[in-house]
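Subject: Structure for you to look at

Hello,

Here is the structure I said I would pass on. Please open it alongside this message.

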Amino acid sequence: MTMNDQPNRPHQPYDGYAPYGQQPQAWPGQGHQGYEDPQAAQQYTQQWQGQTWETQNHQPVPAQAPDPETAILTPQSPPRRPPAPSGADAGTGYGPATVGGNTRVTDAQRARAEGRSPVIEPGMQPAALTALLGLLLAGAAAVGTYALLVPLVVLQAVTAAGWFRLNGMWPARQGIALGFAGALAADAALLVSGRSPAAILGTIGVWVLLALVLQLRSHADPDERMYGLMATVAASALAIVAGGYLAAAADAVTVGAVAVAAAVLARALPLPTPASVVVSLLAAAGAGIAAGPVTGLGTSGALLGAGAAACALIGHRVASYDYPSRFVHFTAGVALPLAAAAPAVYVLGRALA
């Protein structure tokens, strides 16, 4: 039987392999010469009878904005970041996702974008604590130098911790410990040197150098190291400067601390800011006049009280900046008014003595 006389067999799919010793079968309609008969191939061509997907009947998918959650995976230029996020991002305080990463949008930036003030004052409770600490300083100064050390050390510790928290660096135990250690070193130097103010300046210089060396040994990014250096230096300087109460005359400390207590309480009253500042200065001057005859400063206590209150209001303002938290108000809000008033108490106390 020749190949042309073979009966028609069902078409078997060719899997690429043939039994050993056999030649692969030719497709129906395919001759020995390797060409294909069009009519024979046509009868074995599959005819699709089902429904097909007609693309012309479907509307094109409109272009959509990239999803903020997956936009970082898209190789495109980063979108412009608004200063105040909206929607779900507004509650987290973070801007939309970008190729460069999320950038923190602070409450102060959001407040400015919305036309609000980025300042929240501490309020009456921190003011009451400031007044209490001020009265403790005044009473301890009247008792003696070593009695003054107790509330002064508390003031210096709260000052160092409050400054780091005000700058958003919490917990920063190393920086707080360094600033507080500088304050203790300044107090010791004041006692050894007979309460010479040069001990304060010398300690600040040494602690700036020490903070610089410690930051150079850090493995953080350059920007982060610079930010940590500035915060450490400022916290140390404020805590050390608070030791000015130890260098000042006892009568000046009593008058100045009482004046600061009166000024901060008056500043916490619900009054407009200009009126509140004027009332605070008047209250501090009145407290200085009241404490002057007791301490021997007389009516010059009014000038000392007003000067100490002016510096205390500056510290109060700094503690109110950048939408601080409640913890900031009970650290920086309590300590900064008294710490900022220490240089004025020393200078005016010596000038009016």
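Predicted model: local features only at pLDDT ≥ 70, side-chain atom pairs only at ≥ 80, totals over all residues.

Residues are numbered from 1 along each chain as its sequence is written, and side-chain values use heavy atoms, leaving out hydrogens and water.

An unreviewed UniProt entry lists several stretches as "transmembrane region", among them 131-164 and 252-269; such annotations may be inferred rather than shown by experiment. Residues 131-164 are 97% helix and 0% strand, with end C-alpha atoms 22 Å apart. Residues 252-269 are 89% helix and 0% strand, and there the end C-alpha atoms are 26 Å apart. Helices are DSSP runs (H or I, at least four residues) and strands likewise (E, at least two), numbered from the N terminus.

Helix α5 (residues 145-166) packs against helix α8 (residues 222-241) at about 155 degrees, with the axes 8 Å apart. Axes are lines fitted to C-alpha atoms over the stretch in contact, and angles run from 0 to 180 degrees between N-to-C directions. The two helices are therefore roughly antiparallel (over 145 degrees). On the α5 side, the contact (heavy atoms within 4.5 Å) includes Q156 and W163, and on the α8 side it includes T232 and L238.

S276 lies in helix α11 (residues 273-295). S276 is buried, at 0% relative accessible area (buried means under 20%, with a 1.4 Å probe and protein chains only). Leaving aside residues up to four places away in sequence, S276 touches A266, R267 and L271.

Regards

Conventions: Parallel < 35°, antiparallel > 145°, perpendicular 65-115°, else oblique. Buried < 20%, exposed > 50% of the residue type's maximum accessible area, 1.4 Å probe, protein only.
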